[in-house]
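Here is a brief report on salt bridges and strand pairing. Please look over the sequence and structure first.

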Amino acid sequence: MENVRRITSFSVDHDFIETGIYVSRIDGDVTTYDMRTRKPNAGDYMDNITMHSVEHMFATLVRNSEIGGDVVYFGPMGCRTGFYLLVRNADNARVLAVVKEVLRQIAEDAAQMFGATRKECGNYRELSLESAKAEAGRYLAELCAREQSFEYKQL
């Protein structure tokens with residue numbers, strides 16, 4: 001275990017990450033976005049139902065968006081403070097516009113939970129459209145409150 005390299009996401013001081021969207025890493029043509037919906041280590045974490053519900057809604061809608069063909073992955077962070085979005089051939093401004101629009105669709109337009117049946121999901125009973133709507137609306141307001149630099153604050 002002594003020769004194990006530290007992964008990139010453990011190289012960022014999480015005490016200084018604010019709510020926002022960041023470029024976590026770039027691997028060839030794939031950009032990993034850190035969609036930080038909560039400030040890390042602040043005691044405010046998503047519950048599993050909220051995290052699971054946003055995952056279902058956002059993953060479905062982003063794959064049906066103008067960048068859908070370039071989306072490689074969308075899923076939650078184990079620390080429950082956000083999500084990862086991996087996109088091929090990413091343009092930060094375009095990705096941010098799509099993220100905001102998908103969040104708006106969830107918060108304002110969503111009338112049904114995607115993938116909410118036993119056949120579609122391995123834990124279908126832990127989904128809540130209202131939780132997804134609330135989280136999406138809260139995060140959208142955070143993203144709109146200030147310009148996003150896509151860079152972690154360096155100290």
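## Salt bridges and strand pairing

Asp44 is partly exposed, at a relative accessible area of 40% (buried means under 20% relative accessible area, exposed over 50%, partly exposed in between; 1.4 Å probe, protein chains only). The model is predicted: local features need pLDDT of at least 70, side-chain atom pairs count only at pLDDT 80 or more, and totals for chains, interfaces and linings use all residues. Residues are numbered from 1 along each chain as its sequence is written, and side-chain values use heavy atoms, with hydrogens and water left out.

Asp44 meets Arg38 in a salt bridge, with N to O at 2.7 Å. The term covers a side-chain nitrogen of Lys or Arg within 4 Å of a carboxyl oxygen of Asp or Glu. Arg38 is buried, at 9% relative accessibility. Across the whole structure, 12 salt bridges are found. Three of these pairs are tabulated here.

| Pair | N to O distance |
|---|---|
| Asp44 and Arg38 | 2.7 Å |
| Arg104 and Glu108 | 3.3 Å |
| Glu135 and Arg138 | 2.8 Å |

Two of the pairs sit within helices. Helices (H or I, at least four residues) and strands (E, at least two) are DSSP runs, numbered from the N terminus. Arg104 and Glu108 both belong to helix α2 (residues 92-109), 4 residues apart, about one turn of the helix. Arg104 is partly exposed at 23% relative accessibility. Glu108 is exposed, with a relative accessible area of 54%.

Helix α3 (residues 129-145) holds both Glu135 and Arg138, 3 residues apart, about one turn of the helix. Glu135 is buried at 4% relative accessibility. Arg138 is partly exposed at 30%. Salt bridges with shared partners link Arg38, Asp44, Glu135 and Arg138 into one network.

Now the strands. Which strand is mostly covered? Strand β4 (residues 82-88) is, with 5 of its 7 residues buried. Strand β2 (residues 30-36) runs antiparallel to β4, and 7 bridges join them. Two strands pair if DSSP finds at least two bridges between them. Asp34 has Tyr84 as its bridge partner in β4.

Strand β3 (residues 71-76) also runs antiparallel to β4, joined by 5 bridges. Val71 has Val87 as its bridge partner in β4. The hairpin of β3 and β4 has 5 residues between the strands, and Arg80 there takes a positive phi near 65°. In a regular strand, side chains alternate between the two faces of the sheet.
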